[in-house]
Amino acid sequence: MSTRTPNGLDKLGLKDIKDVYYNLSYDELQAHEINRGECKISTSGTAMCDTGIFTGRSPKDKYFVDQPPSNEHIAWGDVNRPIKKEIYEELFELTKNQLSGKNIYVMDVFTGASKESRRSIRFVTEVAWQAHFVKNMFIRPTEEELENFEPDFTVYNACKTVDEKYKEHGLNSDVFVVFNIEENISIIGGTWYGGEMKKGIFSMMNYWLPLEGKLSMHCSANVGKEGDVCLFFGLSGTGKTTLSTDPNRALIGDDEHGWDDNGVFNFEGGCYAKVINLDPKSEPEIYGAITKDALLENVVADENGNVDYADDSKTENTRVSYPIEHIKNHKDNLQAGHPKNIIFLTADAFGVLPPVSKLTKEQAMYYFLSGYTAKVAGTERGITEPVATFSACFGEAFLPLHPTVYAELLGKKIDEHGVNVYLVNTGWTGGPYGVGKRMSIKDTRACIDGILNGSINDAEFETLPTFNLQIPKALDGVQDNTVLNPRNTWSDKAEYDASLAKLAKMFQENFHRYDDKGGEFDFASAGPQL
């Protein structure tokens, strides 16, 4: 166990702290998890924890303190809710009281592999597996870096307390996830879900970096042997982790990245993959990463530790976090150059969009600002089956600033570096959800391969009506090329045409939110036309 005391421990404001477990090793964390009854061990040596009643994020319980100067930059609304400073201060006292007089785990880590852009983050919790989660998901400092570590931002995770006065405070529930940008503090209460810590810091990077002229992105990234970088944008469940984990390409990261003048860099030091119905044949890299030091969430296992990945009795949002080193073919420094290709992943629950289409620059901006996909069961509270949604920049839930801030940065970089952009549907084919079937991973990978090796550029293209998307007529590796045009897969063509028009109208109605942003973001003509 590290005998070092964290720098600035007295600044936390906690009273009568007992033992401080500082940046424990994986072996030490696993011993704590077992001895405290927090985790059991699977047959692969992986710790298994339950996250309680919250098996996904609680987005309606996220708040930013309403104070200058940050309140002048934040895009207030359903995603970014304001909270009065005096209420935050009450909740901060509640948080500190919960963590006082306890044994605490302190994890000092980095977010951002680029030294020019990274932030130093301190996490404080009383739960061992949450410290384990942080160790997996963030960039682990060296012993030398810890000697002079000073946090830029501190997260207090008091998951064992709740806000009993939430109605008086005018809040959504007794759960709270609050960010005080000016004081560089975040507090968490009432939810044990580890993803709140991960996405909370992502939200902060989405605040800090664009104000420095750097693009922050909800995407995965990998790089080929020739140095060609590809970005995969998409919400949870669309395939970012699965499709970017490729034995022939080095993984930069699976979820959160920045893009500055030097290229692309990972925010994180690990991966967070869904494991429901995990198949070692179709996802061998992820399956192989579930070994000692990884952390499984909410899976079902027998008394011997054999995991049943098909069992969704706890949640469909079963997950594993693991250090990126568990992926054998990863980029050591978690950085690479500027992208050659960008792929927007969407899970189209209507079964209308093609498996792959090539976008113009204007279409790229339109689909980036639209961020169409389907929320997949279990990712958020109350979502039990796929629901069509529009999430700007494929991650609006994590964007403190207006979506056009990120779009403007993306457009400049697409122009500057001549990036190719594609839309890939990993959702339904042959009909909508409940009628059709999910696109096969094999066909999706064939589409991705065609993009990465450039063979898609040699294909003959046809135009999808209404959406005006360019779709290839044939691609190597696709089992049946008729699937490339979604209309071919529907038995009732008239029903397909009606669904196409219905989805087009939804796109148009959603994009009216940008009507007041002037000519710079007038990309409506690049979208579907009825």
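**Helix contacts and selected residues in a predicted model**

Good morning. I begin with a pair of helices: α3 passes α6 in a right-handed crossing. A crossing is called right-handed if the near helix is turned clockwise from the far one by less than a right angle, and left-handed if it is turned anticlockwise. The contact involves Gln130, Phe133, Val134 and Met137 on the α3 side, and Gly195, Met197 and Lys198 on the α6 side; contact here means heavy atoms within 4.5 Å. By type, the residues of this contact are four nonpolar, two polar and one charged. Nonpolar covers Ala, Val, Leu, Ile, Met, Phe, Trp, Tyr, Cys and Pro, charged covers Asp, Glu, Lys and Arg, and the others, Gly among them, are polar.

Before I continue, a word on the basis of this talk. This is a predicted model, in which local features need pLDDT of at least 70 and side-chain atom pairs count only at pLDDT 80 or more, while totals for chains, interfaces and linings use all residues. Residues are numbered from 1 along each chain as its sequence is written, and side-chain values use heavy atoms, with hydrogens and water left out. Helices (H or I, at least four residues) and strands (E, at least two) are DSSP runs, numbered from the N terminus.

At what angle do α3 and α6 pack? Helix α3, residues 128-137, and helix α6, residues 195-208, pack at about 40 degrees, and their axes are 9 Å apart. Axes are lines fitted to C-alpha atoms, for helices over the stretch in contact, and angles run from 0 to 180 degrees between N-to-C directions. The angle therefore makes α3 oblique to α6. Under 35 degrees counts as roughly parallel, over 145 as roughly antiparallel, 65 to 115 as roughly perpendicular, and the rest as oblique.

The second pair is α9 and α12. Helix α9, residues 361-370, and helix α12, residues 493-511, pack at an angle of about 80 degrees, with axes 10 Å apart. This makes α9 roughly perpendicular to α12. From α9, Tyr366, Tyr367, Leu369 and Ser370 meet Phe507, Gln508, Asn510 and Phe511 of α12. The residues of this contact comprise five nonpolar, three polar and no charged.

How many residues of α9 are buried? Eight of its 10 residues are, and the helix is thus mostly covered. Buried means under 20% relative accessible area, exposed means over 50%, and partly exposed lies in between (1.4 Å probe, protein chains only). The buried residues of α9 are Gln363, Ala364, Met365, Tyr366, Tyr367, Phe368, Leu369 and Ser370. After α9 comes glycine 371, with a positive phi near 55 degrees.

Aspartate 108 lies in strand β6, residues 104-111, and counts as buried because its relative accessibility is 0%. Which side chain does a polar contact join to that of aspartate 108? The partner is tyrosine 22, at 2.5 Å. A polar contact is a pair of N or O atoms within 3.5 Å; within protein, one must be able to donate a hydrogen and the other to accept it, and residues adjacent in sequence count only if both atoms are side-chain atoms. Not counting residues up to four places away in sequence, aspartate 108 touches several others, including Asn23, Arg122 and Phe149.

Valine 352 sits in the loop between β22 (339-346) and β23 (356-359). Its relative accessible area is 0%, so valine 352 is buried. Beyond its neighbours within four places in sequence, it is in contact with Phe467, Pro486, Tyr496, Ser499, Leu500 and Leu503.

Isoleucine 290 is placed in the loop between α8 (284-289) and β17 (295-297). It is buried because its relative accessibility is 4%. Valine 320 is 30 residues from isoleucine 290 along the chain, with 7.3 Å between their C-alpha atoms.

Finally, some backbone details. Most residues other than glycine have a negative phi, and most peptide bonds are trans. Leucine 334, however, has a positive phi near 60 degrees; this residue lies in the loop between β20 (319-323) and β21 (335-336). Asparagine 468, in the loop between β29 (461-464) and β30 (469-472), has a positive phi near 55 degrees.

Are these two residues buried or partly exposed? Leucine 334 is buried, at a relative accessible area of 8%, whereas asparagine 468 is partly exposed, at 39%. Lastly, proline 68 and proline 69 are joined by a cis peptide bond, with omega about 0 degrees. Thank you.
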